[in-house]
Amino acid sequence: MNSDLVVVGSGFYGLTIAERCARELGLRVLVIDRRSHIGGNAYSEAEASTGIEVHRYGAHLFHTSNERVWDYVTRFTAFTDYQHRVYTNVGGEVFPMPINLGTVNQFFRAAHGPEAARALVAEQAAELAGTEVSNLEEKAISLIGRPLYEAFIKGYTAKQWQTDPRELPASIIARLPVRYTYNNRYFNDTYEGLPVDGYTAWLERMADHPRIEVRLDTDFFDTTQPVNKAAVVGQVPVVYTGPVDRYFDNAEGELSWRTLDFEEEVLDVGDFQGTSVMNYGDEDVPYTRIHEFRHFHPERDYPKDRTVIMREYSRFAETGDEPYYPVNTATDRERVLAYRELAKGEKDVHFGGRLGTYQYLDMHMAIGAALSAYDNTLTPLFRAGARLGAPE
Ligand code: FAD
Ligand code: UDP
C-alpha cells in the first residue's frame with residue numbers, strides 16, 4: 001500500500017493526527033471511517049427543509065482554555081461569539097443551570113447574598129462533613145447539599161446513566177461548576193464559540209490536504225476491504241480511534257457505554273423554547289433534554305416560521321449501538337488497564353481519542369491529546385523509526 005500512516009476514525013482526534021502528519025512530516029496519510037461522513041460525533045448538517053444546522057450526534061459546544069488548541073483550531077475556522085447557557089425544567093418550573101445563586105434563591109424562595117447562600121448549602125451538606133467523597137452522589141451532596149441534589153441532579157443523572165449514582169465516579173459531576181454569583185454561563189473557559197460555517201466545513205478543511213486520502217464506509221475489521229486490521233497492523237503504523245475493546249475482540253470483556261437516541265422534529269413555530277438547551281430534571285419525563293438548533297446561531301438567517309428540535313434519550317449501549325459515554329464502573333476501569341497492557345504489545349499501533357482510550361473527552365481535549373501524541377509519539381516514530389506505544 002502506498003500510505004505511510006493509516007488513521008482509523010475521522011473524528012477530531014484522527015483528523016488532527018492526519019493533518020499534522022501530512023502537513024508537517026510530509027506523510028501520505030490514509031484516513032478510514034466506517035460511517036458515510038467524516039467528523040465522528042462532531043459532524044453536523046443542514047436539516048433539509050429549513051436549512052437549520054443540526055448536530056447529528058447531539059449538540060456540540062466548543063470551548064477551551066488551552067492556547068495551543070485555540071491557536072490550532074482557528075487555522076481552520078472562525079468562531080461566533082455564542083455563549084452556552086442551559087436551563088432546567090424541574091417540577092414544572094424552569095431554573096438556570098449550572099447551579100448558581102439564581103438557582104439557589106429561586107429554589108428556596110429566598111433572596112440570599114453569596115455568603116448566606118454558601119452557609120445554607122454548607123449546612124445542608126453537613127451530613128458528609130469529615131468524610132472522603134468517593135462517588136457522584138457524595139460529591140454532589142458535598143457541593144450543593146441534599147435538597148438541591150435531589151431536585152436537580154438525582155433524577156437527571158438516573159435518566160442519563162441508569163447506574164446508581166454511588167457507583168459513578170465523582171469526576172462526572174465535578175465537570176459542572178457551582179457558583180455563588182448570578183453568572184449562569186455553562187462553561188468557564190477562556191475561549192468559547194461555534195464554528196461560523198458549521199462543524200462539517202471545519203472538519204473538511206482539516207482533511208483538505210493533497211497527502212490525505214479519506215475513505216468512508218470502510219470498517220477496519222472488515223476483511224473484505226483492503227485496508228483492514230489483519231492486512232495493515234505490523235506493515236504500516238496505525239492510529240486507531242475506534243473502541244479499544246473491539247480492537248481486541250473483547251478479549252478482556254466488553255466495556256460499558258451509554259448511548260443516546262435522538263428524536264428530531266420540525267415544528268411550524270418560529271421558536272419552541274426560547275433557548276438552545278432545556279434540561280428535564282424529573283425522572284418521569286423520559287428524555288433528558290431538548291435541543292433547539294436555531295438558537296445556536298442567532299446570527300444566521302433561518303426561517304422565522306419553523307424550527308428544529310431534538311429530544312435526547314439515554315440508555316445503555318448494546319451490541320451494534322453507537323458508544324457515546326464511557327460508564328466507567330470499577331469493572332470497566334480494571335478492563336481498561338488490561339486493554340492498555342494488550343495495547344503495548346501491538347506493533348506500531350497508537351490508540352487515541354474517546355473510544356480508543358475509553359475516556360470522556362471534549363473536542364478541545366481530543367484535539368489537545370492528538371497534538372501531544374503527534375509531538376511525543378508520531379514525530380519520534382517517523383523521525384527515528386521508533387515503535388508506537390500504548391494509549392496515554
Ligand atoms: P469520534 O468523534 O467518536 O470519532 C471516532 C471515529 O472513529 C468515528 O467517526 C467512528 O465512526 C470511527 N470508527 C470507529 N470504529 C471504527 C472502525 N472499526 N473502522 C473505521 N472507523 C471507525 N465535546 C465538546 O467539546 N463539547 C460538546 O458540547 C460535546 N458534546 C458532546 C455530545 C455528545 C452526545 C457526545 C457523544 C460527545 C460530545 N462531545 C462534546 C465530545 C466530542 O464528540 C468528542 O470530543 C470528539 O468526538 C472526540 O473525537 P474522537 O476523534 O476521539 O472520536
Ligand atoms: N447533570 C445533572 N443535571 C443537569 C445537568 C447535568 O444532574 O441538569 C449531571 C449529570 O450527571 C451529567 C453531569 O452532570 O452526566 C455532567 O453534565 P454535562 O452537561 O457536562 O453532561 P453532557 O452534556 O456531557 O451530557
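Strand 6 (residues 86-90) pairs with strand 7 (residues 93-97) in the antiparallel sense, over 5 bridges. Strands here are DSSP runs of E with at least two residues, helices are runs of H or I with at least four residues, and both are numbered from the N terminus. Two strands count as paired if DSSP finds at least two bridges between them. This is a predicted model, in which local features need pLDDT of at least 70, side-chain atom pairs count only at pLDDT 80 or more, and totals for chains, interfaces and linings use all residues. Residues are numbered from 1 along each chain as its sequence is written, while chains are lettered from A and ligands numbered from 1 in the order in which they are written.

**Confidence**

- The average pLDDT of the chain is 94, and 98% of the residues score at least 70; pLDDT is the predictor's confidence in each residue, from 0 to 100.
- The ipTM of the model is 0.97 and the pTM is 0.94.

- A hairpin is formed by strand 6 and strand 7, with 2 residues between them.
- In the turn, G91 has a positive phi of about 60 degrees.
- T88 has F95 in strand 7 as its bridge partner.
- Strand 6 is also joined to strand 12 (residues 277-280) by 4 bridges, and these two strands run parallel.
- N89 has Y280 in strand 12 as its bridge partner.

**Around ligand 1**

- The shell around ligand 1 holds 35 residues, and the closest are G9, G11, G40, G242 and G353; a residue is near a molecule if its C-beta atom, placed from the backbone, lies within 6 Å of it.
- Helix 1 (12-25), helix 11 (353-357) and helix 12 (363-384) are the elements that give two or more residues to this shell.
- By class, the shell around ligand 1 has 17 nonpolar, 12 polar and 6 charged residues.
- Ala, Val, Leu, Ile, Met, Phe, Trp, Tyr, Cys and Pro count as nonpolar, Asp, Glu, Lys and Arg as charged, and the others, Gly among them, as polar.

**Around ligand 2**

- There are 13 residues around ligand 2, and T88, I153, Y156, T157 and N279 come nearest.
- Two or more residues of this shell come from each of helix 5 (136-161) and helix 6 (171-174).
- Helix 5 gives the most, with 5 residues.
- The shell around ligand 2 divides into 7 nonpolar, 5 polar and 1 charged residues.

**Annotated domain**

- An unreviewed UniProt entry places the feature "domain: UDP-galactopyranose mutase C-terminal" at residues 151-360.
- Residues 151-360 are 25% helix and 21% strand, with end C-alpha atoms 25 Å apart.
- UniProt positions are in the numbering used here, feature names are shortened, and annotations may be inferred rather than shown by experiment.
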